[in-house]
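Trainee: Can we go through this model together? I'd like to start with the overall layout and then look at some details.

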Amino acid sequence: MHQKKVKKSNQLKVLSKVLLIIIGGFITAYGLDAILIPNQVSDGGVTGLSIVGSTLFGLPLGLLIGLLNIPFVWLGYKQIGKSFAFYSIIGITSLAISASLMHHVPTIIKGDTLLVTVVGGIIIGFGMGLALRNGGALDGIDMLAVLLSRKLPFGTSDLILFLNMFVFIIVSTIFGLQGAILSGLAYFIASKVIHIVEEGLSGSKTFKIITTQPEIMVETIRDRLGRGATYTEAYGGYSNEQFKEITCIINRLEESKIKDIISEIDPTAFVVVYDVAEVRGGNFKKRDIH
């Protein structure tokens, strides 16, 4: 009975992921067909190359998106895994079919270049982010960047930017220099929206605090923020003095409050702050503070 419940739960999870990836492909296609393409603005990556090919040779955009992504899906399968390739095929197929169906959809913004890039970038970023959050990709250039980052001494994000520079150079031969600049701006906005959709607006931050008042600091964080913290033994590399390092994970909205607490208790405390992509399990719960 328990196994049946687990199996059913897994099937529902896969189904919901597939549905959200399809919706992501549909939203991205709408952003392309209703905003960017009619205003001579392209996207980056394989989609950008597909838009150029469609404009040059009069071929259906959906067909080119599907065909040009095939080698990249194979790369994703070899480098990232079967499930990623499966979800990416669904996402790219959804984008390709939606782009074909929405070819004659009415343009919702015309002429205003700034509005076109901002709104277009937000819509395609939301669609792509929705697909990535659920385990698939709508564009194969990211997969190529992952593969190259293992072979070359560069990070994945640097390689995505580098590869897209070539895409926008190709875009400039069709849409002109202004079109390429606007395409780059739309792509930049889209990449920021993708990041927000993938990680959520709230996000989390880790605070590492070395202070002379560790017990009071932890008590105050617990009382005023309702957050727990952990201790780690730390030693000064120069003085060899022993410290208690405090680690506390908070959400972004609590950042200002924890900084006030640190400043109030120990203005000389050594503090390191960094972003956390995801927090699961353990006791990452907020106690009531009222």
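Mentor: We will take the overall layout, then a helix pair, then a surface patch.

Mentor: Keep in mind that this is a predicted model.

Trainee: How many helices and strands are there in the protein chain?

Mentor: The protein chain has nine helices and four strands. Read from the N terminus, the order is α-α-α-α-α-α-α-β-α-β-β-α-β.

Trainee: And what box do the C-alpha atoms fill?

Mentor: Roughly 70 × 55 × 45 Å, along the principal axes.

Trainee: Now the helix pair. At what angle do helix 8 and helix 9 pack?

Mentor: About 145 degrees, and their axes are 10 Å apart. Helix 8 covers residues 214-225 and helix 9 covers residues 255-265.

Trainee: Is the crossing of helix 8 and helix 9 left-handed or right-handed?

Mentor: Right-handed.

Trainee: Which residues meet there?

Mentor: Helix 8 brings Ile 216, Met 217, Thr 220, Ile 221, Arg 224 and Leu 225. On the helix 9 side they meet Lys 257, Ile 258, Ile 261, Ile 262, Glu 264 and Ile 265. By type, this contact has eight nonpolar residues, one polar and three charged.

Trainee: Switching to the surface: which residues make the nonpolar patch?

Mentor: Leu 56, Phe 57, Leu 59, Leu 63, Leu 67 and Ile 70 make a nonpolar surface patch of about 610 Å².

Trainee: Which elements give two or more residues to the patch?

Mentor: Helix 2 (45-57) and helix 3 (61-79). Helix 3 has the largest share, with three residues.

Trainee: Where does Leu 56 lie?

Mentor: Leu 56 is in helix 2.

Notes
Residues are numbered from 1 along each chain as its sequence is written. This is a predicted model: local features need pLDDT of at least 70, side-chain atom pairs count only at pLDDT 80 or more; totals for chains, interfaces and linings use all residues. Side-chain values use heavy atoms; hydrogens and water are left out. Axes are lines fitted to C-alpha atoms, for helices over the stretch in contact, and angles run from 0 to 180 degrees between N-to-C directions. A crossing is left-handed if the near helix is turned anticlockwise from the far one by less than a right angle, and right-handed if clockwise. Contact means heavy atoms within 4.5 Å. Ala, Val, Leu, Ile, Met, Phe, Trp, Tyr, Cys and Pro count as nonpolar, Asp, Glu, Lys and Arg as charged, and the others, Gly among them, as polar. Patches are made of residues with over 30% relative accessible area and no salt bridge: like charges are joined within 9 Å, nonpolar side chains (Val, Leu, Ile, Met, Phe, Trp, Tyr) within 5 Å. Accessible areas come from the Shrake-Rupley method with a 1.4 Å probe; for residues, only the protein chains shown count as cover. A salt bridge is a side-chain nitrogen of Lys or Arg within 4 Å of a carboxyl oxygen of Asp or Glu.
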